Amino acid sequence: MTPDDLARRIDAVAHLTGRFTLRSGAVSDTYFDKYRFESDPTLLGAIADEMARLVPDGTEVLAGLELGGVPLAVRLSEVTGLPAAFVRKEAKTYGTCQLAEGAGVDGRRLTVVEDVVTSGGQVVMSVGDLRDRGGVVEHALCVIDREAGGAAALADIGVELRPLYTMAALEASRA
């Protein structure tokens, strides 16, 4: 599947119109239902194949954010051979009481993996949590950047956002 074909496929499967309140609190008439592309094994595999080229050199662990970043990190781990960590929004209060499960993060170069970035709020918080636990985070990947301030919010904390597609690119794929 070419990158243009993949963009069209993601858009056809996940692009919804209506009235939606986003995690950031913003209201939008466009929504990308990530679970529609994450639950399709063929499409998820094609996304991971393309995202692999975005993984920065020196990455030691792929840190998939709860919930949508986890299946992406798993498939990306299969493609790249890098271990994955699964990052919760909050450390669990039982068992190991960990924020990040799977691969260790302390002292390691992490690349955060997320599905859709709008304002970047959750990614910014998760990067802070990972850094507090000794992780070195300078990059984040996402499938779709909604181009609503997320890249700038991440740049403000020293993280480069590398999207597979921007909202504009997906809109252009419809033409």
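Buried means a relative accessible area under 20%, exposed means over 50%, and partly exposed lies in between, with a 1.4 Å probe and protein chains only. This is a predicted model, in which local features need pLDDT of at least 70 and side-chain atom pairs count only at pLDDT 80 or more, while totals for chains, interfaces and linings use all residues. Residues are numbered from 1 along each chain as its sequence is written, and side-chain values use heavy atoms, with hydrogens and water left out.

View 1. Helices (H or I, at least four residues) and strands (E, at least two) are DSSP runs, numbered from the N terminus. Of the 175 residues, 47% count as buried, and the C-alpha trace spans about 45 × 35 × 30 Å along its principal axes.

**View 2. The cis peptide bond between Glu 66 and Leu 67.** Omega of this bond is about -5°, and Leu 67 belongs to the loop that runs between β3 (61-65) and α4 (69-80).

**View 3. Cys 97, a residue other than glycine with a positive phi.** The phi value is near 55°, and Cys 97 is found in the loop between β4 (84-87) and β5 (100-102). With a relative accessible area of 42%, Cys 97 is partly exposed.

**View 4. Glu 147, a residue other than glycine with a positive phi.** Here phi is near 60°, and the loop that holds Glu 147 lies between β7 (136-145) and α6 (150-156). Glu 147 counts as partly exposed, at 46% relative accessibility.
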